[in-house]
Amino acid sequence: MDEFLGSLDENALLSLPWLFEFWALPHQLPPRGAWKTWVIMGGRGAGKTRAGAEWVRAEVEGAGPADPGRSRRVALVGETRDQVREVMVMGESGILACSPPDRRPEWQATRQQLVWPNGAVAQVFSAHEPESLRGPQFDAAWADELAKWKKGAETWDQLQFALRLGKSPRTVVTTTPRNVGVLKAILKNPSTVITHAPTEANRAHLADSFLAEVEARYGGTRLGRQELEGVLLEDAEGALWTTAMLEAARVEAPPEVNRVVVAVDPPVTATKRSDACGIVVVGADTRGDPRTWRAVVLEDASVKGASPEGWARAALAAMERHGADRLVAEVNQGGDLVEQMVRMIDPLVPYRAVHATRSKMLRAEPVAALYEQGRVAHVRGLGLLEDEMCRMTAQGWQGQGSPDRLDALVWALTDLLIAPAGVARPSVRSL
């Protein structure tokens, strides 16, 4: 690095801070190829705003300050005009802060627009006023925090009609993901490309205290996966569980329990492409009236691509970690081979085989009712399990593959809370 910097003349050294390609993180650089929409999806503070501002710069700036760039008419769209001005234009990572002195655009407050030395113009628009995009036309656009726009679909549609200048108008979308239709539709479009990063990726530019605080408060939660990891969490329409329900069930420390079970839903095959082997640990306080019994989901120990011996050892290891009283295993796919595999490793393990006689949805409904009654809590770190839960609906499973983690959860809670009370009990066979 010293050798490289020492080889630069004074002019090159002065220009280096403004060369974003030199400093950018991978998710902040536009993907190659022909695309119409670039979605930068990331956690809070992941550098999305800086990436959007630098992309606008790259679109409008030419080789010299007065030379034309690829685009000359840009739409800057945010939730409100104030937010566009304070974040996208004048913010610490906004366009003005990112522009070198000889290329810095002029902010014309009365006209709500930026004007560059080469004549390029960027106009400000509010997503609360989608009709304001009727009439103007553009060859580029930057849409910020699209997932929280109240009139997202209407504004996005009007913006698409306005992108009609130049050879190939393009849009960059910078947003923390949310389960909204307009974002999901954009992501499914074949002309969309995506880059993604968690908050952690930009830690060099964030206060250590901020990272420590948000990780302590939200790490390992479903909300944290959305706001810190930048993961799009989908609640299927009519889902038996919702994000709000699961966040309400969150506990920082597990309550006292007197029974613990580990439930296993073995996969049909054991390849890298096969479904995971669902292994879920649940504890419960089963003292007193069964109608007041409560449970807590302690761990999702599921494994993917493991051999039968591999998942059996993972299940038994989970039992040892939590001092579990029993192993519950669905045997629809493996029959007696499931028990044989487990007992080959531990001949004395307390074991119960369960056989599914009803659909996954019907088995899940009474378990979902326990959550509605506030009788099941979740510790942190159950993100993949919770994703599956939010895709199980009254019409059935709406995700890809099989919900093996959810199946294991259902068997565990059925064994602990539902079967002892005689409520809609699945077929079970004690061994």
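**Notebook: strands, rings and a pocket**

I began with strand β2 (residues 73-78), where five of the six residues are buried, so the strand is largely enclosed by the rest of the structure. Buried here means under 20% relative accessible area, exposed means over 50%, and partly exposed lies in between, with a 1.4 Å probe and protein chains only. Helices (H or I, at least four residues) and strands (E, at least two) are DSSP runs, numbered from the N terminus.

I noted that this is a predicted model, in which local features need pLDDT of at least 70 and side-chain atom pairs count only at pLDDT 80 or more, while totals for chains, interfaces and linings use all residues. Residues are numbered from 1 along each chain as its sequence is written, and side-chain values use heavy atoms, with hydrogens and water left out.

**Partners of β2**

I looked up which strands pair with β2, where a pair needs at least two bridges found by DSSP. Strands β2 and β5 run parallel and are joined by six bridges, and in this pairing Val77 stands opposite Phe125 of β5. Strand β6 also pairs with β2 in the parallel sense, over four bridges, and there Val74 has Ala140 as its bridge partner.

**Aromatic rings**

I searched the whole structure for aromatic pairs and found six. Rings of Phe, Tyr and Trp (its six-membered ring) pair if their centres lie within 6.5 Å, and planes under 30 degrees apart count as stacked, over 60 as edge-to-face and the rest as tilted.

Phe4 and Phe22 make a stacked pair, with 5.8 Å from centre to centre and 20 degrees between the planes. This pair links distant parts of the chain, since Phe4 is in helix α1 (residues 2-6) and Phe22 is in helix α3 (residues 20-23), 18 residues apart. Phe4 has 37% relative accessibility and therefore counts as partly exposed, and Phe22, at 37% relative accessibility, also counts as partly exposed.

I then turned to Phe125 and Phe138, whose ring centres are 5.5 Å apart and whose planes stand at 85 degrees, so the pair is edge-to-face. Here too distant parts of the chain are linked, with Phe125 in strand β5 (residues 121-126) and Phe138 in the loop between β5 and β6 (140-144), 13 residues apart. Both Phe125 and Phe138 are buried.

I also recorded one aromatic cluster formed by Phe4, Phe22 and Trp23.

**The largest pocket**

What is the volume of the largest pocket? I noted about 830 Å³, a volume being the space filled by probe spheres set on grid points that are joined across faces, edges and corners. On a 1 Å grid over the protein atoms alone, a pocket is an open set of points where a 1.4 Å probe fits, with protein on both sides within 12 Å along at least five of seven lines, and lining residues have an atom within 4 Å of a point.

Of the 34 residues that line the largest pocket, Gly47, Lys48, Thr49, Arg50 and Ser93 are the closest to its centre. The elements that give two or more residues to this lining are α3, α4 (48-60) and α5 (81-89), and α5 gives the most, with four residues.

**Phi angles**

I read that most residues other than glycine have a negative phi. Gln112, which is not a glycine, has a positive phi near 55 degrees and lies in the loop between β3 (106-108) and β4 (113-115).
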